[in-house]
Amino acid sequence: MNCQEQSILFMNPVFKQMLWGGDRLGKDWPYQIPGDDTGECWAISAHPNGDCIIKGGKYDGYKLSILWEKEPQLFGNTGLDQFPLLVKIINAEGCSSIQVHPDDAYAKNHENGSLGKMECWYVLDGREDSTIVIGHNANTREELKSMVEKGEWKELIREVHVEKDDFIQIEPGTIHTFGGGLMILEVQQNSDITYRVYDFDRLTNGKPRELHLDNALEVISVPPKPLAECIKKTGNMPENTMNLLIECDYYRVWKLDISKSVAFKQDKPFMLMSVTKGEGNLNGTMIKKGDHFILPYDYGDVNLEGELQIIVSACNCG
Ligand code: ZN
């Protein structure tokens with residue numbers, strides 16, 4: 001047996017039911033979902049609200065957070081006190097609330113030392129009428145405040161159509177939400193801090209969900225980043241090579257469409273991989289759509305074969 005095979009860390013994802021969820025993670029993906037309102041698959045996560053358990057191999061049954069704490073050498077001894085990233089697959093049948101996340105500095109001061117949240121979305125699938133909200137149309141902070149207070153949401157939000165293979169980087173301070181019909185792979189900082197700005201006046205159990213307007217108005221960036229800098233088309237990228245989608249302070253994300261084979265070295269502290277299409281093998285180990293795994297530190301040569309798509313991410317640490 002190749003000893004490398006044992007050291008791939010496969011994840012058991014955690015599922016979340018949401019107001020806006022659906023059944024596609026059970027129909028189009030090989031998962032046992034808790035209900036037909038399943039909105040999120042926390043695919044690679046060590047967050048206390050959804051800590052993945054390692055599947056198979058030497059560390060079978062360990063929580064990812066525990067492995068991070070007890071075996072830091074597997075992750076390149078980064079010195080970070082928590083696992084830095086979180087990878088999700090999102091099935092949106094309805095839209096989520098319009099929200100904004102703080103940056104690290106604001107979260108540290110206002111949210112008990114938590115991390116802020118930078119996030120990015122790779123659109124796996126969409127409908128002709130699928131949209132997202134990213135940014136707003138206010139020119140000054142006073143204008144933003146006044147539009148929020150008057151409830152002029154339609155005029156305020158910047159809503160755009162997105163389609164399969166669009167890649168969207170969402171910086172802290174950017175108001176955002178996704179609309180119905182989208183399947184998204186999300187890579188984000190390991191944080192669950194969200195300030196809800198507007199929930200389309202929906203009721204849950206007869207009551208509106210709590211909004212966090214004071215915090216939101218403090219963290220929303222004015223003016224927002226131009227749209228062209230937020231969204232990237234990735235449909236025509238070459239096959240059988242690592243295509244870098246984004247590099248920021250927290251993570252790097254690549255898209256890998258394999259039609260034959262590709263070889264590279266795992267030279268990062270650790271690498272997160274999510275198979276989003278097809279099947280094949282990694283150094284002889286079978287992998288298929290719906291598998292999520294970590295290649296640990298010093299894993300060495302990676303040979304991938306088959307017909308598959310993988311979204312690869314790594315933290316920008318170490
Ligand atoms: Zn978000």
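This report describes the zinc site, an open sheet and the aromatic contacts of a predicted model.

## Zinc site

In this predicted model, the zinc ion is held by protein donors from three named residues, His101 (NE2), Glu119 (OE), Glu119 (OE) and His176 (NE2), which lie 2.1 to 2.7 Å from the metal.

Along the chain, the donors follow the spacing H-x17-E-x56-H. His101 sits in the loop between strand E8 (98-100) and helix H4 (104-110), whereas Glu119 belongs to strand E9 (residues 119-125), so that this pair, 18 residues apart, links distant parts of the chain. His101 is buried, with a relative accessible area of 2%, and Glu119 likewise counts as buried at 2% relative accessibility.

## Open sheet

Seven strands make up an open sheet with antiparallel pairing, in the order E2-E3-E7-E14-E9-E12-E16. Strand E2 (14-22) and strand E16 (231-233) stand at the edges, and because each has a single partner strand, one side of each is left without a neighbour in the sheet. From one strand to the next, the twist averages 25 degrees.

The structure holds 15 aromatic pairs. In one of them, the ring centres of Phe75 and Phe270 are 5.5 Å apart and the ring planes stand at 85 degrees, so the pair is edge-to-face. Phe75 lies in the loop between helix H3 (64-70) and strand E7 (85-92), and Phe270 in the loop between strand E19 (261-266) and strand E20 (271-282), so this contact ties together parts that are 195 residues apart in sequence. Both Phe75 and Phe270 are buried, and together with Trp68 and Phe83 they form one aromatic cluster.

Trp121 and Phe178 also form an edge-to-face pair, at 5.5 Å centre to centre and with 65 degrees between the planes. Because Trp121 lies in strand E9 and Phe178 in strand E13 (residues 176-178), the pair ties together parts that are 57 residues apart in sequence. Trp121 counts as buried at 1% relative accessibility, and Phe178 counts as buried at 6%.

## Charges over rings

The charged end of Lys16 sits over the ring of Trp42, 4.6 Å from the ring centre. The charged end of Lys289 is placed over the ring of Trp29, at 4.5 Å from its centre.

How values were computed:
Residues are numbered from 1 along each chain as its sequence is written. This is a predicted model: local features need pLDDT of at least 70, side-chain atom pairs count only at pLDDT 80 or more; totals for chains, interfaces and linings use all residues. Side-chain values use heavy atoms; hydrogens and water are left out. Donors are N, O and S atoms within 2.8 Å of the metal (3.2 Å for Na, K and Ca); water is not among the atoms, so sites may look incomplete. Helices (H or I, at least four residues) and strands (E, at least two) are DSSP runs, numbered from the N terminus. Buried means under 20% relative accessible area, exposed over 50%, partly exposed in between (1.4 Å probe, protein chains only). Two strands pair if DSSP finds at least two bridges between them. Axes are lines fitted to C-alpha atoms, for helices over the stretch in contact, and angles run from 0 to 180 degrees between N-to-C directions. Rings of Phe, Tyr and Trp (its six-membered ring) pair if their centres lie within 6.5 Å; planes under 30 degrees apart count as stacked, over 60 as edge-to-face and the rest as tilted. A charge sits over a ring if NZ of Lys or CZ of Arg is within 6 Å of the ring centre and within 35 degrees of the ring normal.
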